[in-house]
Amino acid sequence: MNEECGIFAIWEHPEAAQLTYYGLHSLQHRGQEGAGIVTSDGEELHVHKNTGLLTEAFQAGDLDRLPGRQALGHVRYATAGKGGYDNVQPLHFKSEDGSLAMAHNGNLVNYQGLKSELERTGSIFQTTTDTEILAHLMKRQASDQLREQLKGALPELVGAYSFAVMTEDELIVALDPHGLRPLSLGRLGNAYAVASETCAFDLIGAEYVRDVEPGEMLIFNRDGVFSERFMGTKERALCSMEYVYLARPDSNLEQINVHTARKRLGKRLAIEADVDADVVTGVPDSSISAAIGFAEQAKLPYELGLIKNRYVGRTFIQPSQALREQGVKMKLSAVRGVVEGKRVVMVDDSIVRGTTSQRIVQLLKDAGAAEVHVRISAPPIIRPCFYGIDTSTSDELIAANYTTEQMREKMGADSLRFLSVDGLKAGIGRDASQPNCGQCLGCFTGQYPTAIPNEKNALVGSGKG
């Protein structure tokens, strides 16, 4: 499972490009297919972007060619082959009114309908990313003021989005009315920063100020910083998988630390799905916190039973199933001295297609584990995500097509248990007075916070932002 993108922007700092580079480095886990930075010197936008990791997209001297005191950066993950340079963000547009840069995290579920209507009325699209929709909608507004264009265009969008839009002399960020994706405001001296996760603030020494509210725009210009609403807040629905898997453990999402939330999920899992065992291990990296919580609650030792090789490329790009399976063995190895002869609890954060879990169970048994009990610190994923995670149809989801017992048999585990939906809500610890505790639970329950298109066609032709 992969998340779509990460956004970082900074306003009024003499080293804007350099700080944006470091901020994007903190967000690299949110996208590895492309990276870009746009800066403004007050008169002109300067752009550098390329495919690949941040360190591949930027070489020596590239940042020196990005002058200015304001910058907008983006790291991108693409699905369904919709990569390539054209879709790397920030997108850059030029018109007689000036230049515009735009970055987006999320997915617009009404993208296809909007695109078809815009093309029928004369729009010509330069990319296959849904991000470009906003630029076309903005140009159709009566006003030539950036904030008014956004206030007119954003309500036409349905889905998950945090947008950052920058001109030569203004920066505006906006969050969808459900708050499906995280976005936070920080301050560094007299400068301001905006980031998809607060871990980016820690790296550059910025102080967290607050989260951007759903339906809110933050406007940065020469007159100061202002907040305006483009829509009223709807039912709060921050993506649960941000806490379970996607965000870095040192980030805080709406003032809840991700590592702490994952530990609570592990503890809840131990209460709901106790098992006689000798040792607990977690699948690196996102499951470690939950495994520690499980071990503490179960009063079992936590051990590094699985080791991750950090110098192996991404296995999903391998051209054959056999090579992908070999790639898993290259990425992870079981520690025989820890698991041999032991009843092992293997804690993982989620099961999507089930193939990786099956291989990890086999790794542990090949290393001599007497039993392998799989415990998942989230409920079964039975429905796809339409808001920016690359699970496009139920056909791809093992839990949508098999019972828990059938899944256990397929992966060769001695037992398999998932956390309940109630356990997930309680473990994350968001506001219990809100519906679903203010979380999106669509992939676990099939109940989504917005209208969604036909599942089979939901992501066809849609590049991700």
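Predicted model: local features only at pLDDT ≥ 70, side-chain atom pairs only at ≥ 80, totals over all residues.
Student: What makes the protein chain as compact as a globular protein of its length?

Tutor: Let's start with what the chain contains: 15 helices and 23 strands. Its radius of gyration is 22 Å, close to the 23 Å that the globule rule gives for 465 residues, so the chain is as compact as a globular protein of that length. Its C-alpha atoms fill a box of roughly 70 × 45 × 45 Å along the principal axes.

Student: How many of the residues count as buried?

Tutor: Of the 465 residues, 58% do. As for contacts with a separation of 6 or more, 69% of them join residues 24 or more positions apart.

Student: Why is T39 called buried?

Tutor: Buried means under 20% relative accessible area. T39 has 0% relative accessibility, so it counts as buried.

Student: Where is T39 found, and which residues does T39 touch?

Tutor: T39 is in strand β2, residues 34–40. Leaving out residues up to four places away in sequence, T39 touches several residues, among them A17, L45, L66 and M166. The C-alpha atoms of T39 and G68 are separated by 5.8 Å, although these two are 29 residues apart along the chain.

Student: How do you know that the buried residues of α3 line one face of the helix?

Tutor: The buried residues of α3 (residues 111–120) are Y111, L114, K115 and L118. Seen down the axis of α3, they fall within an arc of 100°, so they line one face of the helix. An α-helix has 3.6 residues a turn, so residues three or four places apart point the same way. The buried residues of α3 pack against β6 (98–108) and α4 (132–139).

Student: Which peptide bonds are cis, and where do they lie?

Tutor: One of them runs from Q89 to P90, with omega near 5°; P90 lies in the loop between β4 and β5. Another runs from P284 to D285, with omega near 0°, and D285 lies in the loop between β17 and α9.

Key:
Residues numbered from 1 in each chain as written. Heavy atoms only, no water. Helix = DSSP H or I, 4+ residues; strand = E, 2+ residues; numbered from the N terminus. Rg over C-alpha atoms; globule rule 2.2 N^0.38 Å. Buried < 20%, exposed > 50% of the residue type's maximum accessible area, 1.4 Å probe, protein only. Contact = heavy atoms within 4.5 Å. Arc of directions from axis to C-beta.
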